[in-house]
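Work through the exercises below with the structure open beside the text. Each task is followed by a solution in steps.

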Amino acid sequence: MADAKINHFNLSCPVPRVADDRIVLAHGGGGRLTHQLIEKIFIPAFSNAALEQRHDGAVVRVNGARLAFTTDSFVVRPLIFPGGNIGDLAVNGTVNDLAMCGARPLYLSAGFILEEGLEMEALRTVVTSMQQAAAKGNVELVTGDTKVVDKGKGDGIFINTSGIGVIESKMKVPIGPASVQPGDAVIVSGDLGRHGIAILSVRESLEFESPILTDCANVWPAVEALLHAGIEIHCLRDLTRGGLATTLNEIAGDRNICIRLEEVLIPVEETVQGACEILGLDPLYVANEGRFAVFVPAAQADAALEVMKRVEVSQGSVRVGSVEKSPGRMVILQSRIGGNRVVDMLSGEQLPRIC
Amino acid sequence: MKFLSEYRDAKAAKKLAAAIRQKITRPYTIMEICGGKTHTIVKSGLEDLLPKEITLVHGPGCPVCVTPIELIDKAVAIAKHPDAIFCSFGDMLRVPGSSKSLLDAKAEGADVRIVYSPLDALKLAKANLHKQVVFFAVGFETTAPANAMSVWQADHDGVENFSILVSHVLVPPAMEALLSSEQCVVQGFLAAGHVCTVMGFEEYVPIAEKYKVPIVVTGFEPLDLLEGIYMSVIQLEEGRHQVENQYARAVRREGNRPAQKTISEVFEISSRQWRGLGEIPASGFQLRGRFQRYDANRRFPFTGEPAKESPECISGLILQGLKKPHQCPAFAVKCTPENPLGAPMVSSEGACAAYYHYGRRQNQSFQPELSGPSSR
């Protein structure tokens, strides 16, 4: 739409009303409603300095050591999906949240909520995957809990994992949204959308010529390499639920900045793009489990890319955009044909369209 | 991606835009029928490339948007029935009825499921013989063959616990309704590409003739749209009003005959209520003859309150191309994707949703104050 046609239009009430009488699925979708839940229910109740950082995990000081602490629950259906299962997801998800704080992941807890009637073999498969993921990531699962609920009250296996990591680097700038500033480059660590589409393909019995595997992976090696190389990391964010679009909107909103993206630069595999086209989904909003965005000063972007490309989990890293001062609270994407559009935060679940 | 990236090529887009600029001498208002096109236009920032002489207005071709509120209420009532599994395409779920949407009903415990094909709903019926499986058969001519096929198949396989709630509408009668209105501003149409894949485009010839309006059957990618606009502009400049086919890679003059045959076997033409536009004679489908026993209306007689539209929603004017979404006082203020007052704010094909998600700019920033830790 041309600017001239809409600039006269003045909007007054910025905040949409929350559908607040019941919890709907979209409250867990990672988009607007999730954020409203956090802002209106959780933050007011628990407000404290660590929570106010609004990062993937909390960073706290204990006897001079800087520790990162995070928790995550996993309720994925199906339990086993192309390329992974709820077990490695539960380990890597929490490990990655620690990595996003710039922390070396050390210890995990695991809480299992099992549904009566679950096949023991399924549990074994999941636990084996957890063990392997933990071993590969050099983290130990040091405490846990098990509850069993009546048949029909769970969905096979729910897992909660919490994790503790230690921040070893002595960087002056803390890693977090507050350090993002105009002039930063935005790098993503690989192609987008594979995890979400892998899950959807099983859930909805969609068949593709070649199966799309989840990207679920531990991203700490990439972060460690960046820290080791002395790159001045301003912010790290994993691109899980809600995808790249939601993550960037959170940061643009927090910092009152503009993030500009170029559509041609955003890496999406052809099969994933094809699945998205068929389903009417936008890969920018599809979940990833082994991808993150990193904000670094533009002058260090090339060095950061070089470091990231040498690490297996981030070898597909690409610079996709940059941070500007204005317009604030906006993510703007230049389309392939050269037009501009706003990339909004997701409202509710992405719903496949009719035709 | 093959067959896709070549239709999103920046160089070719600039070339076409330049060609349009070179041809055009006067202002024109062109309507794209399909909501899918509206989204391409806004999502790709296509209007940034067009000369100011061209005004694009967004048509009624969004099935979710034109499904009458009464039918949403009916769908919600059926979904709440304890014996029912209610199946629908995804984007019908958030559309507000008089008091709630299917998604609200789901949150309250109704068994509502998203399917990608009506045949999946039929499969569900076969697997759940003690349940009544109802499919919300919404859409234009595009979805009609598959919906007809599901009923034909149910009949063929003797599946008794399957039915459909029909809300099928047709494009040509809606175009005529728009064109015969005194307020009509439309000078050219980008006709619905996928509808024409099924129906062909012969039925548009008399419309172009009668109302002296060029109709270009157009595809859905940015380059398709630019080419469709270019072809319309040439016709308008030359004073022609013909039916032309830009979308030749998918559309044949006669359409898809076997699909048409299945449609006419199962459905017959009927009058239909359009949300925002009112009743249009002979503008939709209903089940025909022996297939009428698969009509969900017969299995679940509806005894709800009469439907109420939000008085603030101007979707009727938007669907006729008389107003643009941002000209509605409720747009983005009282009406948002989380709390839509009308259907165009809901569907991924709705014009209001397209404007809300992609179309905002610097001076009208109303991005809500949102922030918080991302959890999972």
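## Exercise 1: a helix on a sheet

In this predicted model, helix α4 (residues 86–99) of chain A lies across β2 (65–74), β5 and β7 of chain A, and runs at about 30° to β7(A).

Task: Find which strands stand at the edges of the sheet in chain A.

Solution. 
- Step 1. Write down the strand order: the open sheet of 5 strands in chain A reads β1-β2-β7-β5-β6, and its pairing is mixed.
- Step 2. Look for strands with a single partner. These are β1 (58–62) and β6 (140–149) of chain A, so one side of each has no neighbour in the sheet.
- Step 3. Strand β5 (residues 104–115) and strand β7 (residues 157–166) of chain A are antiparallel and share 10 bridges. In this pair, A:Gly111 is opposite A:Asn160 of β7(A).

## Exercise 2: two helices in chain A

Task: Describe how α4(A) packs against helix α5 (residues 120–136) of chain A.

Solution. 
- Step 1. Two packed helices are described by the angle between their axes and the distance between the axes.
- Step 2. For α4(A) and α5(A) the angle is about 35° and the axes are 7 Å apart.
- Step 3. The crossing of α4(A) and α5(A) is right-handed.
- Step 4. List contact residues. Among them are A:Ile86, A:Ala90 and A:Val91 of α4(A), and A:Val126, A:Met130 and A:Ala133 of α5(A).
- Step 5. Sort the contact by class: 8 residues are nonpolar, 3 polar and 1 charged.

## Exercise 3: two helices in chain B

Task: Describe how helix α7 (residues 144–157) of chain B and helix α12 (residues 257–266) of chain B pack.

Solution. 
- Step 1. The axes of α7(B) and α12(B) are 8 Å apart and form an angle of about 55°.
- Step 2. The two helices, α7(B) and α12(B), are therefore oblique to each other.
- Step 3. Their crossing, α7(B) with α12(B), is left-handed.
- Step 4. The contact includes B:Ala148 and B:Trp152 in α7(B), and B:Ile263 and B:Val266 in α12(B).
- Step 5. By class, the contact of α7(B) with α12(B) has 9 nonpolar residues, 1 polar and 1 charged.

## Exercise 4: a strand and its partners

Task: In which sense does strand β10 (residues 258–262) of chain A pair with β12 of chain A, and in which sense with β13 of chain A?

Solution. 
- Step 1. With strand β12 (residues 318–324), β10(A) is antiparallel over 4 bridges. A:Cys258 is opposite A:Glu324 in β12(A).
- Step 2. With strand β13 (residues 330–334), β10(A) runs parallel, joined by 5 bridges. A:Ile259 is opposite A:Val331 in β13(A).

Conventions. Residues are numbered from 1 along each chain as its sequence is written. Chains are lettered from A and ligands numbered from 1 in the order in which they are written. This is a predicted model: local features need pLDDT of at least 70, side-chain atom pairs count only at pLDDT 80 or more; totals for chains, interfaces and linings use all residues. Two strands pair if DSSP finds at least two bridges between them. Axes are lines fitted to C-alpha atoms, for helices over the stretch in contact, and angles run from 0 to 180 degrees between N-to-C directions. Angles under 35 degrees count as roughly parallel, over 145 as roughly antiparallel, 65 to 115 as roughly perpendicular and the rest as oblique. A crossing is left-handed if the near helix is turned anticlockwise from the far one by less than a right angle, and right-handed if clockwise. Two residues are in contact if their C-beta atoms, placed from the backbone, lie within 7 Å. Ala, Val, Leu, Ile, Met, Phe, Trp, Tyr, Cys and Pro count as nonpolar, Asp, Glu, Lys and Arg as charged, and the others, Gly among them, as polar.
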